Protein chains: 6
Amino acid sequence: MPVVNIQITRDGATAEQKAEVIAGVTDVLVRVLNKDPATTFVIIDEVDTDNWGHAGKSVTQLRALAK
Amino acid sequence: MPVVNIQITRDGATAEQKAEVIAGVTDVLVRVLNKDPATTFVIIDEVDTDNWGHAGKSVTQLRALAK
Amino acid sequence: MPVVNIQITRDGATAEQKAEVIAGVTDVLVRVLNKDPATTFVIIDEVDTDNWGHAGKSVTQLRALAK
Amino acid sequence: MPVVNIQITRDGATAEQKAEVIAGVTDVLVRVLNKDPATTFVIIDEVDTDNWGHAGKSVTQLRALAK
Amino acid sequence: MPVVNIQITRDGATAEQKAEVIAGVTDVLVRVLNKDPATTFVIIDEVDTDNWGHAGKSVTQLRALAK
Amino acid sequence: MPVVNIQITRDGATAEQKAEVIAGVTDVLVRVLNKDPATTFVIIDEVDTDNWGHAGKSVTQLRALAK
């Protein structure tokens, strides 16, 4: 019965990569906590870099500064 | 003062259906827990099927397999 | 496949009331969006009134002011 | 190590405003709880008004009624 | 920069198991999406079975029925 | 109408500090985005250090290593 919400910045993760994350995270919960995959949800939320703040700045700002 | 976050797969729920879910869920909280509708929020998040995993696969994968 | 997270202040909701909220909210999603109850999760988070802010004050503060 | 998730209705907040919210919220956590900005995330989720319910109606409905 | 929120029912997961889940999930994100562990958070929320609903019933109810 | 969820490690934040965070964060949203405090919620979730992972380890582990 786990519900896993994964928030990442929107950086072009492909459908295949997201499927691999879903499979990998589900496997961890099955292996370590003996959870049933049939009632395990993994939800990926891709967030615009304007909308993700780290160290007081948006990621858009941080990446501009890093150039 | 309830805050309700509802995550569903993006499957074309209409504005009318979403309004009906909002009304229905608010009513349950008012009826059962005597909550005040004026301070009750219901937020619906529609998630792409590539981004929702169930049983170790994305819903996109599951639906392709089910064809 | 809906996941519903309900946040309420910790005000002594009984197990029966929480079960009724779970049943009621699930029914709304089944009735309005034709969701499958078998893959519908409803999760209730009860929050201490010190930890819930409304209008710039904690609920603990608001309730003390309201006395 | 704080993670702050901010949900607001999608009402055209600019990149500058979102950056200012990120900076302001991070500053509160640094100032009040002595948190390290380097491990503080602030994530802003902008929600369509069809998808945000208040007092049993969607914000779209409420705004239409208010006209 | 991923933030992973994992909700599971409160079923006695040990500190060691939770650490193993944290390590395993972080590894998936590093391996598949090349994320930096230093800015990857994994947060585990253990939920009472009265507060987790599945198929319209609380897990407490479901487990009582299953006896 | 903002809803702000703040997750922090459980490190003994006092009721006064939490009230100050609530006031400060609400003020940022009022000042920057012209939000109405009367429909602004700030919810603080304090997480055990066994349940918060950073860089692939739980905070409990990290703090033990740092001694």
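**View 1. Asp45(A) and the rotation axis.** Asp45(A) is the residue of chain A that comes closest to the rotation axis, its C-alpha lying at 5.7 Å. A rotation of 120 degrees about this axis, with 0.0 Å of shift along it, superposes chain A on chain D with an RMSD of 0.0 Å. That is the relation of a three-fold axis. Copies are superposed by least squares on the C-alpha atoms of residues with pLDDT of at least 70 in both. The model is predicted: local features need pLDDT of at least 70 and side-chain atom pairs pLDDT 80 or more, while totals for chains, interfaces and linings use all residues. Residues are numbered from 1 along each chain as written, chains are lettered from A in the order written, and side-chain values use heavy atoms, without hydrogens or water.

View 2. Eight strands form an open sheet of mixed pairing, in the order 4(A)-3(A)-2(D)-1(D)-1(F)-2(F)-3(C)-4(C). Strand 4 (57-58) of chain A and strand 4 (57-58) of chain C stand at the edges, each with a single partner strand, so one side of each has no neighbour in the sheet. Strands are DSSP runs (E, at least two residues) and helices are runs of H or I (at least four), numbered from the N terminus; two strands pair if DSSP finds at least two bridges between them.

**View 3. Strands 3 and 4 of chain A.** Strand 3 (residues 52-54) of chain A runs antiparallel to strand 4 of chain A, and two bridges join them. His54(A) stands opposite Lys57(A) in strand 4 of chain A.
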